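Please view the structure before reading on.

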Amino acid sequence: MARKVTTQRKVVMTAIAWTLGILIFFPILWTFLTSFKTEADAIASPPQFLFFHWTTESYAEVQSRSNYLSHFMNSVIISFGSTLIGLIIAIPAAWAMAFSPTKRTKDVLMWMLSTKMMPPVGALIPIYLMFRNSGLLDSRLGLVIILTLINLPIIVWMLYTYFKEIPGEILEAARMDGASLAKEIIYVLTPMAVPGIASTLLLNIILAWNEAFWTLNLTASKAAPLTAFIASYSSPEGLFYAKLSAASTMAIAPILILGWFSQKQLVRGLTFGAVK
């Protein structure tokens, strides 16, 4: 029998949820508002929240100074490409760990997760040298490879968790019907795990889109994504907050829109198997 929730408790929990939501969203709102200020208004003290001279001059200057579409296409190719390649590798790996485990499976999973604990700067020099010698510096292919590798442990872990919730008897029935391993994964397992795969895909696109360390250190101009586009507005002469905010707003807008329209699928996938 479900426990009755009082009206007072609903009000309190709703207020807490709204407060946390506003606190989390406020930096994005402040960046958006600052992008419509002049540089003088952006550094005014005390800060001006709504009552300032609204202008789009920062957006116009950003557009004239940078090729936004080129950076945007680089981000799309790098984030989607690395995520799709990661899924192609991770789905069979997660299947093997979930349905054909060995005594070393947990050790392998923990080892994969431990690689995310290493500071990226610790591997920068060897990776930079390998990329330089392989001709992968400042290339989309190089960034796709490195982002695939750094996000692969997360993809495998998420898919492994989702696959563990699928009854193994269903796959055994497919084998008894004569399904090969490839057909078992493609036609039986994958359709049943669509919510989990979709949420994994969306989350890793966001992670790849926001990755700054590797994109700033392994690119210069040709393959520079939107993270480099933002960083270009931080110069030795100082920070130009209005222009930096305009560039940041243009960079995060696509991923915010993607997250907004896919939020139901994302929540469904993240809670996949949590409620029986």
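## A helix crossing

In this predicted model, helices H5 and H7 cross in a left-handed manner. H5 covers residues 105–114 and H7 covers residues 140–164. Their axes come within 8 Å and cross at roughly 140 degrees.

## Annotated transmembrane regions

The unreviewed UniProt entry places the feature "transmembrane region" at residues 12–33, 76–96, 108–129, 141–163, 184–209 and 240–261.

Two of these spans can be described further. Residues 76–96 are 100% helix and 0% strand, and the C-alpha atoms at the ends of this span are 30 Å apart. Residues 108–129 are 59% helix and 0% strand, with end C-alpha atoms 28 Å apart.

## The cavity

Rolling a probe the size of a water molecule over the atoms shows where empty space is left. A search of the whole structure gives 1 cavity of 30 Å³ or more, and the largest cavity has a volume of about 30 Å³.

Its lining consists of Ser75, Ile78, Ser79, Ala208, Trp209, Glu211, Thr215, Pro225 and Thr227. Helix H4 (68–99) and helix H10 (194–210) are the elements that give two or more residues to this lining. The largest share, 3 residues, comes from H4. Sorted by class, the lining has 4 nonpolar, 4 polar and 1 charged residues.

Note on methods
Residues are numbered from 1 along each chain as its sequence is written. This is a predicted model: local features need pLDDT of at least 70, side-chain atom pairs count only at pLDDT 80 or more; totals for chains, interfaces and linings use all residues. Side-chain values use heavy atoms; hydrogens and water are left out. On a 1 Å grid over the protein atoms alone, a cavity is a set of points where a 1.4 Å probe fits but cannot get out, and a pocket is an open set with protein on both sides within 12 Å along at least five of seven lines; lining residues have an atom within 4 Å of a point. Grid points are joined across faces, edges and corners, and a volume is the space filled by probe spheres set on the points. Helices (H or I, at least four residues) and strands (E, at least two) are DSSP runs, numbered from the N terminus. Ala, Val, Leu, Ile, Met, Phe, Trp, Tyr, Cys and Pro count as nonpolar, Asp, Glu, Lys and Arg as charged, and the others, Gly among them, as polar. UniProt positions are given in the numbering used here, feature names are shortened, and annotations may be inferred rather than shown by experiment. Axes are lines fitted to C-alpha atoms, for helices over the stretch in contact, and angles run from 0 to 180 degrees between N-to-C directions. A crossing is left-handed if the near helix is turned anticlockwise from the far one by less than a right angle, and right-handed if clockwise.
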